[in-house]
Amino acid sequence: TTFIDNFEKEFSDPVERAYVRRAFNEGIFDSIYTIESRGAFNATDASRYGIKNAQQVTDAANKTVQFLGSLQQSVEQQARAATFVGAMRLARANPRVIQRANQLDGRKFDPAAQDAAYQYATNMVQNTHYVTNRYDRPYFMRFTPMAEVATQFMGYPVKTAELYFRQAIGV
């Protein structure tokens, strides 16, 4: 069974089940986080640096990074799904949540629309689970390899500050 098959079984409400399936099919739960060093280890470079059995060493390093990345992607998928379900249930239980989001965030969700809760939940996932690859970082975090290393864990706080700023100015 897949993630969605197990996850979908948890919902007795057919509307929630349909929203969850639709979100899964549209890629809302797909993990976006990328590990930039995946597959980056190669035998040519390793042997140039004097590593014996370079092919075996680099294969092992790439498999290790792939495994660790798959764990992180699984956790991210579950976190995105939990955010979606929480926001969907909140919006379905209290339509004023959507009106408030329209006022505070400058959104234009139609509270009377049949899938307003779905739209709101999708938007919450997109706003709170950030794209964290090297091309989406500010220039000061990527202008040299040393800057990338020094600021590698600053992505989340910077994205959160961007979110707060967007909310403050109503964009």
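Six aromatic pairs are present in the structure, where rings of Phe, Tyr and Trp (its six-membered ring) pair if their centres lie within 6.5 Å, planes under 30 degrees apart counting as stacked, over 60 as edge-to-face and the rest as tilted. The structure is a predicted model, in which local features need pLDDT of at least 70, side-chain atom pairs count only at pLDDT 80 or more, and totals for chains, interfaces and linings use all residues. Residues are numbered from 1 along each chain as its sequence is written, and side-chain values use heavy atoms, with hydrogens and water left out.

One of the pairs joins Phe-7 and Phe-11 in an edge-to-face arrangement, with 5.3 Å from centre to centre and 80° between the planes. Both Phe-7 and Phe-11 are buried, a term that means under 20% relative accessible area, with exposed meaning over 50% and partly exposed in between (1.4 Å probe, protein chains only). The rings of Tyr-19 and Tyr-118 also pair; their centres are 5.6 Å apart and their planes stand at 50°, so this pair is tilted. Because Tyr-19 belongs to helix α2 and Tyr-118 to helix α6, the pair ties together parts that are 99 residues apart in sequence. Helices here are DSSP runs (H or I, at least four residues), as strands are (E, at least two), numbered from the N terminus. Tyr-19 and Tyr-118 are both buried. Ring pairs link these residues into a cluster made up of Phe-7, Phe-11, Tyr-19, Phe-29, Phe-84 and Tyr-118.

Glu-16, Tyr-19, Val-20 and Ala-23 are the buried residues of α2. They cover an arc of only 100° around the axis, which puts them on the same side of α2; the arc is that of the directions from the helix axis to the C-beta atoms. The cover over these buried residues includes α1 (3-8), α4 (54-93) and α6 (116-128). On the face turned away from the buried side, α2 carries the exposed residues Pro-14 and Asn-25. At the start of α2, a side-chain oxygen of Asp-13 comes to within 2.9 Å of the backbone nitrogen of Val-15. Gly-27, with a positive phi near 85°, follows α2.

Helix α6 has 13 residues, which should span 18 Å at 1.5 Å a residue, in agreement with the 18 Å between its end C-alpha atoms. Since 10 of the 13 residues are buried, α6 is largely enclosed by the rest of the structure. Among these buried residues are Ala-116, Tyr-118, Tyr-120, Met-124 and Val-125. Asn-127 also lies in α6 and, at 12% relative accessibility, counts as buried. Beyond its neighbours within four places in sequence, Asn-127 is in contact with Arg-107, Leu-163 and Arg-166, contact meaning heavy atoms within 4.5 Å. Phe-109 is placed in the loop between α5 (96-105) and α6, and its relative accessibility of 13% makes it buried. With neighbours within four places in sequence again left aside, Phe-109 is in contact with Ile-98, Asn-102, Gln-119, Tyr-120 and Asn-123.

Arg-80 is found in helix α4 and is buried, with a relative accessible area of 4%. Leaving aside neighbours within four places in sequence, the contacts of Arg-80 include Phe-29, Asp-30, Val-125 and His-129. Leu-71 and Phe-84 are 13 residues apart in sequence, and their C-alpha atoms are 20 Å apart in space. In the loop between α3 (43-48) and α4 is Asn-53, which is exposed, with a relative accessible area of 54%. Asn-53 has a positive phi, near 55°, in a residue other than glycine.

Conventions. A polar contact is a pair of N or O atoms within 3.5 Å; within protein, one must be able to donate a hydrogen and the other to accept it, and residues adjacent in sequence count only if both atoms are side-chain atoms. The expected span of a helix is 1.5 Å times one less than its number of residues.
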